[in-house]
Amino acid sequence: MNHVSSRRSWLQRSLRAGAALGLAVALLPASAQNKAETLRIGYQKYGTLTVLKARGDLDKRLAAQGIEVKWTEFPAGPQLLEGLNVGSIDFGTVGEAPPIFAQAAGADLVYVAHQPPAPSAEAIVVPKDSPLKSVAELKGKKVALNKGSNVHYLLLKALEKAGVKYGEVGVVFLPPADARAAFERGAVDAWVIWDPFLAAAEKQLGAKVLADGKGLVANHQFYLAARAYADKRPQVIQAIVEELAKLDRWAEGNAKEVATLLAPQIGLDVGITEVAAARFAYGIQPINAAVAAEQQKIADAFAELKLIPKPIRIRDALPKSLATASR
């Protein structure tokens, strides 16, 4: 057999094998064909996304389409978006500051939707026996917070209102669990933290609130996706938003039931969880130009203080239709 004949024979065998494989796949049940598809969601110990996980509504809806949902817990927003940036998750929820830090670090993310403001769900707290009575007295003191989280911006605005420069406070960057340990042993003078850790500190440690977000910050919660995943599977992103909207409508009038579902997910008792759940803001909304403008102000503030490596444009992380309209 010459070289041409040999090559033709090999090609014919390959085509027959490919056709047989295609037929075998076609004869498989739809669930088996789609078995490999997974939606990877990052969540934290707060918010309606965690309640959605507990209820299982999204899992059931997507399972009917052959999509498995894999849930991964993160200690805070910056860590969650680092996971999104390196490709370990497709979707997640964080506060206002984390996507700004992530975008400045080069993450290719897109804002999907947001919850209404919840300014009382984060606060600057001091130990129950602390002599500190005001934010102004934090000058020269040690303050713990998770770098790049919502509370980072709360501290900026609270200090600004009190006439204290950011550099005049000893900011100690610690994730929530380590920050609580430092707070309990007196290694820091104050802690800037969000629910449910805030509610736990108030109820378990008697922590006193120097200032919460009211009158200072909006404290939006954002839902974000990896840009590549959102472009590839917009119908899955839409399904998540629709399920969250249904959950919000139910949760708004059922705080006790929300707490009962959430408590085992976050490892706190129902009483503490109910306090945190009551400070949630329900009513998911599409991302819009007004909220994007608020985000830009936060980004500019961080850039001015060189807390992020470079200035960013929030519109670069908006859905394509909204980004175009905002130019």
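Analyst: Two residues are in contact here when heavy atoms of theirs lie within 4.5 Å. Keep that in mind throughout, and also that the model is predicted.

User: With that idea in hand, which residues is Ile308 in contact with, leaving aside its neighbours within four places in sequence?

Analyst: With those neighbours left aside, Ile308 is in contact with Ile100, Phe101, Ala104, Ala299, Phe302 and Ala303. Ile308 itself sits in the loop that runs between helix 14 (289–304) and helix 15 (320–325). Although Ile308 and Ile100 are 208 residues apart along the chain, their C-alpha atoms are separated by 8.2 Å.

User: Is Ile308 buried or exposed?

Analyst: Buried means under 20% relative accessible area, and Ile308 therefore counts as buried, at 4% relative accessibility.

User: How should I read Gln44, and where is its place?

Analyst: Gln44 belongs to the loop between strand 1 (38–43) and helix 3 (47–55). Because its relative accessibility is 2%, Gln44 counts as buried as well. Its side chain reaches the backbone nitrogen of Gly77 at 3.2 Å, and among the residues that Gln44 touches beyond four places in sequence are Thr50, Phe74, Leu80, Val94 and Trp194.

User: How do I read the packing of helix 3 and helix 12, and at what angle do they pack?

Analyst: Angles of 65 to 115 degrees count as roughly perpendicular. Helix 3 and helix 12 (residues 255–266) pack at about 90°, with their axes 9 Å apart, so helix 3 is roughly perpendicular to helix 12. Helix 3 brings Gly47, Thr50, Val51, Lys53, Ala54 and Arg55 to the contact, while helix 12 brings Val258, Leu261, Leu262, Gln265 and Ile266. These contact residues divide into six nonpolar, three polar and two charged.

User: What is the largest nonpolar core, and which residues have the most contacts inside it?

Analyst: The largest one here has 110 residues, and Leu39, Tyr111, Ile124 and Phe302 have the most contacts inside it. Helix 11 (residues 234–251) gives the most to this core, contributing nine residues. As for Ile124, the residues it touches beyond four places in sequence include Val135, Leu154, Trp191 and Leu210.

User: Which residues of helix 9 are buried, and what do they pack against?

Analyst: In helix 9 (residues 197–205), the buried residues are Phe197, Leu198, Ala199, Ala200, Ala201 and Leu205. They pack against strand 5 (122–126), helix 8 (176–184), strand 8 (190–194) and helix 13 (270–278). After helix 9 comes Gly206, which has a positive phi, near 70°.

Technical notes
Residues numbered from 1 in each chain as written. Predicted model: local features only at pLDDT ≥ 70, side-chain atom pairs only at ≥ 80, totals over all residues. Heavy atoms only, no water. Helix = DSSP H or I, 4+ residues; strand = E, 2+ residues; numbered from the N terminus. Buried < 20%, exposed > 50% of the residue type's maximum accessible area, 1.4 Å probe, protein only. Polar contact = N/O pair within 3.5 Å; in protein donor to acceptor, adjacent residues only side chain to side chain. Core = buried A, V, L, I, M, F, W, Y, C linked by side-chain atoms within 4.5 Å. Axes fitted to C-alpha atoms, helices over the stretch in contact; angles between N-to-C directions. Parallel < 35°, antiparallel > 145°, perpendicular 65-115°, else oblique. Nonpolar A, V, L, I, M, F, W, Y, C, P; charged D, E, K, R; others polar.
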